[in-house]
Amino acid sequence: MVSYGNGIICHKQNISAAECRDKGVSYVPVIKWIHFSDLHLNSDGMETELLRDELPDFLLKSGIRCDYAFCTGDIRYAPDGAYPNDTAEYILSLCTAAHVPVENLFIVPGNHEKSGRTYEEILAFLRGDEGETS
């Protein structure tokens with residue numbers, strides 16, 4: 001599932017509030033966000049893979065620019081095992097496509113996530129501190 005929250009766009013342009021501030025343009029304070037959930041990155045159904053493969057390009061081509069990204073769990077499908085090796089890179093690709101800095105990414109584990117080193121390693125990679133998994 002992917003949803004996109006959008007309020008009043010700065011001067012009817014698809015740019016974020018931070019970009020308006022950087023340009024010295026007045027704006028109505030608005031938070032724009034993207035929310036993705038139930039990515040099930042280790043599921044291999046053809047439709048699931050097609051959606052995942054096309055989603056970053058779709059976001060980029062649509063010109064979606066957000067201030068925040070929320071990943072609300074079920075990054076993997078629990079019965080099928082571990083996280084794919086490219087999990088962190090994929091989540092980063094969604095943020096990049098929506099122009100969200102990684103420090104504005106919030107992940108809430110879902111019922112298919114597990115506690116433990118693997119999930120912590122993904123979070124550490126996203127934070128840029130791969131060596132620390134405490």
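Reply: A patch, as the word is used here, consists of residues with over 30% relative accessible area and no salt bridge, and nonpolar side chains are joined into one within 5 Å. In this predicted model, Ile-31, Trp-33, Phe-70 and Phe-106 make up such a nonpolar patch on the surface, and their accessible area together is about 370 Å². One of these residues, Trp-33, lies in strand β2.

The interior comes next. In soluble globular proteins, nonpolar side chains tend to be buried together. Here the largest nonpolar core contains 20 residues. Those with the most contacts inside this core are Ile-34, Phe-36, Leu-39, Leu-59, Ala-69, Leu-94 and Leu-105. At least two core residues come from each of β2 (33–36), α2 (46–61), β3 (68–71) and α3 (87–97). Helix α3 gives the largest share, with five residues.

Leaving aside residues up to four places away in sequence, Leu-94 touches Phe-36, Leu-39, Leu-55, Pro-56 and Leu-59. After α3 comes His-99, which has a positive phi near 60 degrees.

As for the setting of these parts, the protein has four helices and four strands, and along the sequence they follow the pattern β-α-β-α-β-α-β-α. Of its 134 residues, 37% count as buried. Among contacts with a separation of 6 or more, 75% are between residues 24 or more positions apart.

Confidence should be read alongside this description. The mean pLDDT of the protein is 75, with 63% of the residues at 70 or more. Over residues 1–12 the pLDDT is below 50, and this stretch has 34 contacts in the model beyond near neighbours in sequence.

Key:
Residues numbered from 1 in each chain as written. Predicted model: local features only at pLDDT ≥ 70, side-chain atom pairs only at ≥ 80, totals over all residues. Heavy atoms only, no water. pLDDT = per-residue confidence, 0-100. Contact = heavy atoms within 4.5 Å. Core = buried A, V, L, I, M, F, W, Y, C linked by side-chain atoms within 4.5 Å. Buried < 20%, exposed > 50% of the residue type's maximum accessible area, 1.4 Å probe, protein only. Patch = residues over 30% accessible without salt bridge, like charges linked within 9 Å, V, L, I, M, F, W, Y side chains within 5 Å. Areas by Shrake-Rupley, 256 points an atom, 1.4 Å probe, with all protein chains shown as cover. Salt bridge = Lys/Arg side-chain N within 4 Å of Asp/Glu carboxyl O.
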